[in-house]
Amino acid sequence: MQLPEEFLESTRALMGDELFSQFLRGLDEEPPVTIRMNPLKCYYMPLNYERRVPWCDVGFYLKTRPQFTFDPLFHAGLYYVQEASSMFIHEVLRQLVKEPVLMLDLCAAPGGKSTAARTRLPNGSVLVCNEPVRQRAQILSENMQKFGHRDVVVTNNLPRDFRKAGLSFDVVLCDVPCSGEGMFRKDEGAVREWSPQNVEKCWRLQREIVSDIWPQLRDGGLLIYSTCTFNTKENEENVRWICEELGAEMVAVETQPEWNITGSLLPGFDGPVYRFIPGKSRGEGLFVAVMRKASTLPLPTEGKSLRQMPNLQGLPLSILHPAPPQLCNVQRSTFNVKPLPRPTPPASLALLASLDKEAFPRVELSYQEAISYLRGEALRLPADTPHGFVVVTYYHVALGFVKNIGSRANNLYPDGWRIKSTHVPNEPPTVLDLPKPVF
């Protein structure tokens, strides 16, 4: 891998010879393949996994990379393909958030940290996932719908828009745009785009983003600041600026020595920060710091709900997941969601983990039929299938809706989600340890 000379010089000076040598060796290694299970939906273990991700109890290192695109259960949201370092958000929330909260993931696409956060947040929490770039917000919306949790909202806004709406959050995750040094091993484009000028641009933008959202973090709330880069300008120096200029207090996260996480690399700054370096820790590059907005107030002990956020309706939304009852015509109960009659149910309804299984007829598909459905093709259902909206399943997990009109079933799988490849494997990828199907 040909890295910019200026990057090599500055990073060697930052890390020191020994750590820098580890880092260079890590860049020449094949990136590990990791998935994170969705406990809302998945009751299976990975089939060929090497070991668990130590800072995420539902994360696994796989021995090989399957063709995830051709696994219907990937599209159904049973697991998420995420690099291991980014799963550290799971451990941060496990240690620091014990009661229901209203949380904002400010720069959330494509959804890896948001799905990890929703897995770990206490029941009764509401997660707002925001992405300023509209095209990326659509990808975020797709991934959050497939994940299947009720109390998630996806928005497409700039950070300052939340101030206009008057919303306050208990936890804010700022996974800010950065120079991407930590992605060099996986993304050659990040290498080509790197420059000292881009580093300067990024650290200034990062401070602007944090400044815009800081007033919307309630007193006593947590700010989780993260980048996928190594330099101190975008990391420790920004954290120090947040503490000095905005009055944040740093919060420690307990880690284990065998996780091989690196602390501060900025001379004179010894606050608790967490840096993942390829070659030392087993994952891609990541930097995380947690800060608390100064206050004597604890985090809340009462649950949140969408009904407690009336100003949310004033924001431009990519999707409400699920939409409030007045938009998607859904009744909520303690344990499940039941639909009321409407012309076309939203795609997210079929994918909700809490959907009442008696709400719609269900038809189990073979592997080839499931792939056909995910490609947007019409299906022929058994002759005794009721007419109207039907949930199609694979291993009894919902993939989405069809509308059965008798002679065929019209495919209602969203256009933007469909598998584009014309190739169809004869056998499904071996990702999860599944029982043998009976058809």
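Analyst: Helix α1 (residues 5-15) packs against helix α2 (residues 17-27) at an angle of about 130°, and their axes lie 7 Å apart. This is a predicted model, in which local features need pLDDT of at least 70 and side-chain atom pairs count only at pLDDT 80 or more, while totals for chains, interfaces and linings use all residues. Residues are numbered from 1 along each chain as its sequence is written, and side-chain values use heavy atoms, with hydrogens and water left out.

User: Why is α1 called oblique to α2?

Analyst: Angles under 35 degrees count as roughly parallel, over 145 as roughly antiparallel, 65 to 115 as roughly perpendicular and the rest as oblique. The angle here is about 130°, and that makes α1 oblique to α2.

User: Which residues of α1 and α2 meet?

Analyst: With contact meaning heavy atoms within 4.5 Å, Phe-7, Leu-8, Thr-11, Arg-12 and Met-15 in α1 meet Asp-17, Leu-19, Phe-20, Phe-23 and Leu-24 in α2. The residues of this contact divide into seven nonpolar, one polar and two charged.

User: What makes helix α5 largely enclosed by the rest of the structure?

Analyst: A residue is buried when under 20% of its relative accessible area remains, exposed over 50% and partly exposed in between, with a 1.4 Å probe and protein chains only. Eight of the nine residues of α5 (residues 112-120) are buried, so the helix is largely enclosed; among the buried ones are Lys-113 and Arg-118.

User: Which residues does Met-103 touch?

Analyst: Not counting residues up to four places away in sequence, Met-103 touches Leu-93, Ala-117, Leu-121, Val-126, Leu-127, Val-128, Phe-169, Val-171 and Leu-173.

Conventions
Axes are lines fitted to C-alpha atoms, for helices over the stretch in contact, and angles run from 0 to 180 degrees between N-to-C directions. Helices (H or I, at least four residues) and strands (E, at least two) are DSSP runs, numbered from the N terminus. Ala, Val, Leu, Ile, Met, Phe, Trp, Tyr, Cys and Pro count as nonpolar, Asp, Glu, Lys and Arg as charged, and the others, Gly among them, as polar.
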